[in-house]
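Reader: I am new to this structure. Could you walk me through it with a few questions and answers?

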Amino acid sequence: MTSKPHRLIWIDTETTSISPRDGQLLEVAMHLTHMQGMERIEATAEAVAWRWIIRHDAIRLTPATAYAIPELHSRNGLIDDVFGPESETPDSATEGIHDLLTALADRYVLHPAGTTRPSALPSNSSTTTIST
């Protein structure tokens, strides 16, 4: 049996606050790279980047969210996207993320980017540890 290749999975989230108690999750994005983290997987028919925009009925404006909403997410269009037709319910996004990670784990040994330690790398790898 051939061993699965090792890959970094980069996960980025956008929220309305750094505090989970005060903030709302707006977006989850992921992409897959080689262990060096500097290049994406070779161009294939397979996608290597994914994005879920989380639908909300309302966005809470509190002192904890007062910066992120008007200064970041309104200006970059994410607030409009959250209320737009391309957004997904939290349950749908959760299911999509779970299904994707399950499918990727069937093909690759996944390492969350920023957490790989040199001792965790395959022995034939000459990889620099990447911190985020």
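**Salt bridges and a helix**

Author: Happy to! This is a predicted model, and the count of salt bridges in it comes to three.

Reader: Which residues are linked in a network of salt bridges?

Author: Start with arginine 51, whose side chain meets that of glutamate 27 in a salt bridge of 2.2 Å, N to O. Arginine 51 lies in strand 3 and glutamate 27 in strand 2, so this pair ties together parts 24 residues apart in sequence. The side chain of arginine 51 also meets that of aspartate 81, at 3.5 Å, N to O. The network therefore links Glu27, Arg51 and Asp81.

Reader: Is glutamate 27 buried or exposed?

Author: A residue counts as buried under 20% relative accessible area. Glutamate 27 has a relative accessible area of 10%, so the word for glutamate 27 is buried.

Reader: Which residues of helix 3 are buried, and why are they on the same side?

Author: An α-helix has 3.6 residues a turn, so residues three or four places apart point the same way. The buried residues are Ala93, Ile97, Leu100 and Leu104.

Reader: Which exposed residues does the face of helix 3 turned away from its buried side carry?

Author: Look at the face turned away from the buried side of helix 3. The exposed residues there are Asp91, Thr94, Glu95, His98 and Asp106.

Reader: Over which residues is the pLDDT below 50?

Author: The mean pLDDT of the protein is 83. Where pLDDT is low, the predicted coordinates should not be read in detail. The stretch with pLDDT below 50 is residues 124-132.

Methods: Residues numbered from 1 in each chain as written. Predicted model: local features only at pLDDT ≥ 70, side-chain atom pairs only at ≥ 80, totals over all residues. Heavy atoms only, no water. Buried < 20%, exposed > 50% of the residue type's maximum accessible area, 1.4 Å probe, protein only. Helix = DSSP H or I, 4+ residues; strand = E, 2+ residues; numbered from the N terminus. pLDDT = per-residue confidence, 0-100. Contact = heavy atoms within 4.5 Å. Salt bridge = Lys/Arg side-chain N within 4 Å of Asp/Glu carboxyl O.
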